[in-house]
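Please read it alongside the sequence and the model.

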Protein chains: 2
Amino acid sequence: MISSHAYLLQREQWKDLNKVASMPFTMEFDLKCTFILSAEAEGIENTIKEFVEDANKSLLKKGEEGAQITSWKKEGNILEMRIISGRKGRSHEGAIRIKKHLGSLLGKKHRIGIREVRIKEYIITFDVEKEPLKDVTIPFAAVYVDGKKVTMKIGEQGEEFLRENYIDRMIKVLQEKIQAQHYEGKKEYWELIWKSEEKKPVWDKDPSEEMQKKGWVVPGPTKGKWFYRPPAAAILRTMERIAVEEVLIPLGFQEVMEPMHVPLETWIKTGHLEGMPGEFYYISEPVSRDAKEWEHFIDLVKITKEVPIEELRKNVKIPKAGVCYAQCPNIYWSLSGKTIAEKSLPLLLFDRSVPSDRYESGGRHGIERVDEFHRVEAVYIGTKEQLLEVKERLMERYKHVFDNILELEWRMARVTPFYLQQAGIVEENEEDEKGTIDFEAWLPYKGGREKEWLEIQNISIVGEKYTKAFTIKSQKKEVWSGCSGIGLERWMVAFLAQKGMEPEKWPSGFKKYLSELPEMPEFL
Amino acid sequence: MISSHAYLLQREQWKDLNKVASMPFTMEFDLKCTFILSAEAEGIENTIKEFVEDANKSLLKKGEEGAQITSWKKEGNILEMRIISGRKGRSHEGAIRIKKHLGSLLGKKHRIGIREVRIKEYIITFDVEKEPLKDVTIPFAAVYVDGKKVTMKIGEQGEEFLRENYIDRMIKVLQEKIQAQHYEGKKEYWELIWKSEEKKPVWDKDPSEEMQKKGWVVPGPTKGKWFYRPPAAAILRTMERIAVEEVLIPLGFQEVMEPMHVPLETWIKTGHLEGMPGEFYYISEPVSRDAKEWEHFIDLVKITKEVPIEELRKNVKIPKAGVCYAQCPNIYWSLSGKTIAEKSLPLLLFDRSVPSDRYESGGRHGIERVDEFHRVEAVYIGTKEQLLEVKERLMERYKHVFDNILELEWRMARVTPFYLQQAGIVEENEEDEKGTIDFEAWLPYKGGREKEWLEIQNISIVGEKYTKAFTIKSQKKEVWSGCSGIGLERWMVAFLAQKGMEPEKWPSGFKKYLSELPEMPEFL
C-alpha cells in the first residue's frame, strides 16, 4: 500500500454512511444520574418539583421531541433523576443542561450549588441495519444484542464522561463494529479507468532478487529495510529527480521539509491512530539525558557487550510519537489554524525529506513490499474546482512520465470500498470528485498480465476531511485537500521489472537522466 | 555537536591510555571456585593432588609468572579450589583451563566429567594511577577503595561469567570510572590550525529568529524539530547540493542510501550505546500488527480522542533499535565481514538519505542546536596513506566551498581530549594522522569574534577502530577509516548569519546555485 488514503477515505465515508443508515431506526436513552449538591439542604423539594415540570415542557424539548425526567428523589445532598429520551435532545445532553439551569436556580433561591452530575446507570438501545454476526464489545459498557436491537449498559461514570461526548462516540463505534462484521474479508472496489498499450518487456526477472545477487541492495540489519549501494541508490535518486522535475516543479509545487516524528495527537486528528496503530514504528524518548541516570546501563553494556533489556525498559518513556507513515499529516499540521490567502491558493507543497516506515508482517517482498521506503508526497489545498484541476494536471504529468520517460505498461483504477457500492450511497458525481485513483504497473516477473499489478502511486482528493481536522481555511470558500504519494521504490521496481538492469536497453527518455550506472565496489 | 567522533576517539584513546597506565601497577586475583563433578566419586583425591602439583608447575604458568592453586578440597561431587595469581595467567583464565584439563584427566582415569565451574568468591585487587575522588560502583561486585588500592569482590556467578570475559571488562570499567573522576568538567583540547581572513558581515541578526518571524521555519510538533517552509527548504537543499556537487562528487565519493534504524547491536560495536545512550530516540515495534490485538486501543482512541497510554504500553515492544544518530554506523555495518578489492580502495561513500536525531536537553537554539537535523556523511576506507590523502583533498574542497561559494569567515581546529595532552601519551605524529578537525564559523549575532563559534562540520580519521569492529579488510594491508559529517543546518545558519537573508546580498558563487527564493505562501 503506497498511501493510507484509500483506507482513510473508506473510514470517513463509512462514518457518513452510518450517519445516514442509522437515521430511520429507533434509539432510546434511559439515564439514571445523580447530582451532587453542595449541602444537604432541606425544603428545596418544591423548587426541584417545579423545575422538573418546567424542564419537561421546555428545557429538555427539541421541537416536538426531547428528553423527559420520569422520576426523581432527593436524599441528603444527592439528587437522583431518571431521564428518558429518543434520538433528539438525548438524556446525557439533558443532564448537562439540568445541572446548569437547576444549579443556577438553587443558587439563587437556596444558596446551594450542584457540584457534579454523575452517571449511575445509562441504558441505550438502538436498532442497527444488519444483525450482528458475532459478539461485539466496547469499552465502558456491557453490550446485549437481540436481533437488530442493540443495548449498551454503562455503569457509574463521572461528569467528564457525559461532557466529553464519549456516549455518542460509543454508539458510533458500536455501529461501525457491527457493520464491519458484514464486510470482513470483502475487497476494495476496483474499477479500471485507463490502461496503456501493451509493451514487450526486456526480461522477466525479479529486479530485487537480481540486484541482491549483484550486491546492489543489501537486506538491512532490521526487518523490511534495505541498504542501497551506489548503482541502486543512483536509480532511486533518478526516480526522485524525475518525480520532482517532470511532475511537481512544472505544476508549481514547492518543496517543504518536515520533521520525521509524527505526534500521536496528529494521528488522532488524521484518523491514522485508530486506523492502523499496529503498523507504526513508535518512538520512545529517554527518561533522562543525564549520564548519571544511565550509569548502570552503561556499565552493563561495557561489561556484558549486550543490551541490558530491563535497564533499557526503565530508561525509556512511553512513545508520544511515531516515525512518519505518510508525509501529509505533518504538512497539514504545519498549516493548523491558518487562513490561506486567496492568492496562495491552490497551495501546492511536497516533501521528499523523510523516509516512511510501516510495520509489516507477512507479504514483504524485495524492495517493493517493505517496512521502510522513500516517497515523495504532494499535498494540495484549494477550492473544489482548483483541486479537480490539480488532479487533472497531475494525471497528465504522471502519464507523461510513465509513457515518455519510463515507457511503462501501466494502468489507472478508481478504488472505492465495496460496501459503498453495495449501499449505493455515494452518488456518481461525488465519487468522481472525491476518492482515490491508483496507478499500477505490470510486473512481468510475476507472470502474465492477468496477475496482480503493482500499485506504484496514487492520487486522492479527500474533500474537507483534513482541512477541517486541522482548521485550515481560506478567506471565502470552503477548502478541500488532497494528496498524491509517489513510491520511489515502486517506480524503480516497475521500471526495472519491465526494462531490465542494463542501461543500454533503457528508454531514451530515462537515459537522459541516467545513462550509466556508478561502479559497484568490488568485494572478494 | 555535529558528530560523535571526537567523543568516540576520546574513549578509544582513553582505553589505550588505561592499558598503558595500568601496566606498572600490581594486580592480585584471588579466586575461590567450585567444579561440579558428574558424580560423587570416591578415590579420585590422588589424581586431583597430582594434577594440582603439575598444574602449578606448568599448566597455570605464564613464563615466570602465573596462577597457583593454593588449596583445594572435595566434598561429594563438589571440588573447591582457591586460585591466586598476579597480572599474568590470571586466576579466572586458570579456572577455565583447569576445567578442561582436569575434566579430561578425570574422564580418562575415573570416567567422571566436570559439569561446570562456578565462582564462589572472587577478590581482585589492583592499584590505580590516581586516588578515586569519590565512591565508585560497578555491577556484579562490591568495591572497596584504600588510597590507590582498589578491591573488587564478586559473589557467586556461573561459568559464563568466567568465560565471557566479564572480569577483564569490569577491571577496565572501574579504572575508567576512577580516571574519569579526575577529568570531569575539563574541556576538550582545542587548537587552532588555520583561520580565514576577517569578513564584514551583512548584518548581526539571529537567522533562526528572523526566519521564524517570516514563517520560513516553524517549530515542529515535538521538541527540537523544525518544519521548513519553501524559502528555508530551498536554502537547506542548496547547501546539500553544494556539499554533494562541490565536495563529494569531485573527489569520487559515491552515494548510498541506508536504513534509518540503527540496531542497538550496531551501536554496541561502534561504542555509541555505552557512550551516549541518553541521547538516542529509541524505536519500538508493535507487539502485533493484528487489528484484533489493537481492538481495545482503537475503541479507546475513537471514544476518548486521547492516546490510551496503558494500552499503548501493552502493545509496544522494548526498543531494539534507535533513529540514526550519525550515518556512519549503518555504512560500516553494510560492509561487515567484507574484504574490499585493492582496486576499490579507497572506498568513498556518502549518505544523505536519513535525518539524524539526537535527544537534547538544555542548550537548544534555533535551527542550529536541535533534536533533528540533516547531514551528509562521507565515509572513507583505505590504507593509512590513502586516507591521509583523502583528508587533504577533503580539506581543500571544503576550503573551496567556504572561501569561494559561501564566502564565510571560518577556521579549523584540531580537537584532542585534555587528558591525552596532559599525559603526553599520544605522540606528535600519531595525533596528526588520527584525530578530528572541527570546522567552525563565526556567528556575528552572538557578538564579537571572541565569542563561541559554531562547529559546522568535521573530518575524522579513526584508524582501525571501526574497520576492526566490523571486520572490514583489504587484500593486503590493514585498512583505516574515517568520516566527515556535514551539518546542513549548520552551513545554513553560518551562511545566513554572515550573509543575511536577501538573495541580492549573497555572494555570486552561492547565487549560481540559488539566486531567488521561492515565494512564501501568504497566511492571514
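At roughly what angle do the axes of helix H7 (residues 230–248) of chain B and helix H13 (residues 384–405) of chain B cross? The axes of H7(B) and H13(B) cross at roughly 130 degrees and come within 9 Å, where axes are lines fitted to C-alpha atoms, for helices over the stretch in contact, and angles run from 0 to 180 degrees between N-to-C directions. H7(B) and H13(B) are therefore oblique to each other, given that angles under 35 degrees count as roughly parallel, over 145 as roughly antiparallel, 65 to 115 as roughly perpendicular and the rest as oblique. The crossing of H7(B) past H13(B) is right-handed; a crossing is left-handed if the near helix is turned anticlockwise from the far one by less than a right angle, and right-handed if clockwise. On the H7(B) side, Ile242(B), Glu246(B) and Val247(B) meet residues of H13(B) that include Leu394(B), Arg397(B) and Tyr398(B), contact being defined as heavy atoms within 4.5 Å.

This is a predicted model, in which local features need pLDDT of at least 70, side-chain atom pairs count only at pLDDT 80 or more, and totals for chains, interfaces and linings use all residues. Residues are numbered from 1 along each chain as its sequence is written, chains are lettered from A and ligands numbered from 1 in the order in which they are written, and side-chain values use heavy atoms, with hydrogens and water left out.

**Chain A as a whole**

The secondary structure of chain A consists of 18 helices and 25 strands, where helices (H or I, at least four residues) and strands (E, at least two) are DSSP runs, numbered from the N terminus. The C-alpha trace of chain A spans about 95 × 65 × 50 Å along its principal axes. Of the 524 residues in chain A, 61% are buried, buried meaning under 20% relative accessible area, exposed over 50%, and partly exposed in between (1.4 Å probe, protein chains only). Among the contacts in chain A with a separation of 6 or more, 76% are made by residues 24 or more positions apart.

**Helices between and within chains**

Helix H5 (residues 166–183) of chain A and helix H10 (residues 295–304) of chain B have axes that come within 8 Å and cross at roughly 135 degrees, which makes H5(A) oblique to H10(B). The residues in contact include Tyr166(A), Arg169(A) and Met170(A) of H5(A), together with Glu295(B) and Asp299(B) of H10(B). H5(A) passes H10(B) in a right-handed crossing.

In chain B, helix H5 (residues 166–183) has 18 residues and reaches 26 Å from its first C-alpha to its last, close to the 26 Å expected at 1.5 Å a residue; the expected span is 1.5 Å times one less than the number of residues. Because 15 of the 18 residues of H5(B) are buried, this helix is largely enclosed by the rest of the structure. Helix H17 (residues 488–499) of chain B has twelve residues and reaches 16 Å, close to the 16 Å expected. Twelve of the twelve residues of H17(B) are buried, so H17(B) is likewise largely enclosed by the rest of the structure, and among those buried residues are Glu489(B), Arg490(B), Trp491(B) and Lys499(B). Just after H17(B), Gly500(B) takes a positive phi of about 80 degrees.

**Backbone details**

Most residues other than glycine have a negative phi, and most peptide bonds are trans. The table lists departures from that pattern.

| Residue or bond | Backbone value |
|---|---|
| Phe140(A) | phi near 75 degrees |
| Thr471(B) | phi near 50 degrees |
| Leu345(A) to Pro346(A) | cis, omega about -10 degrees |
| Leu345(B) to Pro346(B) | cis, omega near -10 degrees |

Phe140(A) is found in the loop between E6 and E7 of chain A and, at 29% relative accessibility, counts as partly exposed. Thr471(B) is placed in the loop between helix H16 (465–469) and strand E24 (473–474) of chain B, and at 40% relative accessibility Thr471(B) also counts as partly exposed. Pro346(A) lies in the loop between strand E16 (339–340) and strand E17 (347–351) of chain A.

**Cysteines**

The count comes to zero disulfides over all chains, a disulfide being a pair of cysteine sulfur atoms within 2.5 Å. The sulfur of Cys324(B) is 8.6 Å from the closest cysteine sulfur, in Cys328(B), which is too far for a bond. Cys324(B) counts as buried at 0% relative accessibility, and Cys33(A) is buried with a relative accessible area of 0%.
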